[in-house]
Amino acid sequence: MKIQNMKILLSFCPLLIGLFCGQVYAANRVCTGAFTTTSSPTGVTPISGLTVDINNSSLFTKKAIVHVSADTGVDTGAEVRLTYSMDGGPEFVAGPTNLANHTEFWQTRNSMAIINIPPGLHVIRPLWRVSGVAGKSAQMVTRCISIAF
């Protein structure tokens, strides 16, 4: 495809209703601001308030991009690990797992993962755990997840 034709196609992205543009629909994104906390050695747990649905209406498995961001505070000597679950199944790694380390102040943390989505409607949940000695904790306030093909 010539560059000129590509520019024309991209200029019509809003009109294509996401067919080629990877548009994120309301069901594929969620944000919440409720305070949540977890601590070591609690283990892996769903990140409160972050659940998204995605529908792969094709006959084939497709790759989806998942973005997670959160305002996070972490105790000294600890880190926050990030994994995912699909349809309530076991946790799996789909990208970088170190979401946050301790810093003097809270920071907005971001992660991107690529998840294989089989045909059908699926529920994706990010999971978190604190790595550190017993009693170390992490907190989140405003956090979001989005997923798109």
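In what order do the elements of the chain run from the N terminus on? They run α-β-β-β-β-β-β-β-β-β-β. The secondary structure comes to one helix and 10 strands. Helices (H or I, at least four residues) and strands (E, at least two) are DSSP runs here, numbered from the N terminus.

A word on the source. This is a predicted model, in which local features need pLDDT of at least 70 and side-chain atom pairs count only at pLDDT 80 or more, while totals for chains, interfaces and linings use all residues. Residues are numbered from 1 along each chain as its sequence is written, and side-chain values use heavy atoms, with hydrogens and water left out.

Now the chain as a whole. Of its 149 residues, 33% count as buried. Buried means under 20% relative accessible area, exposed means over 50%, and partly exposed is in between, with a 1.4 Å probe and protein chains only. The accessible surface comes to about 8500 Å², and 61% of that belongs to carbon and sulfur atoms. Accessible areas come from the Shrake-Rupley method with a 1.4 Å probe; for residues, only the protein chains shown count as cover. As for contacts (heavy atoms within 4.5 Å), take those in the chain with a separation of 6 or more: residues 24 or more positions apart account for 79% of them.

Next, the disulfide. A disulfide is a covalent bond between the sulfur atoms of two cysteines. The cut-off used is a pair of cysteine sulfur atoms within 2.5 Å. A search of the whole structure finds one. Cys31 and Cys144 form this disulfide, with their sulfur atoms 2.0 Å apart. The pair links distant parts of the chain, 113 residues apart: Cys31 is in strand β1 (residues 29-32) and Cys144 is in strand β10. Why is the disulfide of Cys31 and Cys144 right-handed? Because the torsion about its S-S bond is about 115°. Cys31 counts as exposed, at 52% relative accessibility.

Strand β10 (residues 137-148) also holds Gln139. Gln139 counts as buried because its relative accessibility is 15%. Leaving out residues up to four places away in sequence, Gln139 touches a set that includes Phe35, Asp71, Trp106 and Trp128. The side chain of Gln139 also makes a polar contact of 3.0 Å with the side chain of Ser137. A polar contact is a pair of N or O atoms within 3.5 Å; within protein, one must be able to donate a hydrogen and the other to accept it, and residues adjacent in sequence count only if both atoms are side-chain atoms.

On to strand β9, residues 120-131, where Arg125 is found. Arg125 is partly exposed, with a relative accessible area of 28%. Its side chain is joined to that of Thr51 by a polar contact of 3.0 Å. Beyond residues up to four places away in sequence, Arg125 touches Pro46, Ile47, Gly49, Leu50, Thr51, Thr83, Tyr84 and Ser85. Arg125 and Gly89 are 36 residues apart in sequence, and C-alpha to C-alpha they are 9.8 Å apart in space.

His122 lies in strand β9 too. Is His122 buried or exposed? His122 counts as buried, because its relative accessibility is 9%. The side chain of His122 makes a polar contact of 2.6 Å with the side chain of Asp87. A polar atom of the His122 side chain also lies 2.9 Å from the backbone oxygen of Pro118. With neighbours within four places in sequence set aside, the contacts of His122 include Val52, Ile54, Met86 and Ile117.

That brings in Asp87, in the loop between β6 (79-86) and β7 (98-101). Asp87 counts as partly exposed, at 43% relative accessibility. Most residues other than glycine have a negative phi, and most peptide bonds are trans. Phi of Asp87 is near 55°, a positive value. A cis peptide bond joins Ser40 and Pro41, with omega about 5°. Pro41 is in the loop between β2 (36-39) and β3 (45-46).

Last, the surface. Which residues make a nonpolar surface patch of about 250 Å²? Ile65, Met112 and Ile114 make it. Patches are made of residues with over 30% relative accessible area and no salt bridge; like charges are joined within 9 Å, and nonpolar side chains (Val, Leu, Ile, Met, Phe, Trp, Tyr) within 5 Å. A salt bridge is a side-chain nitrogen of Lys or Arg within 4 Å of a carboxyl oxygen of Asp or Glu. Ile114 is found in strand β8 (residues 107-117), and at 43% relative accessibility Ile114 counts as partly exposed.
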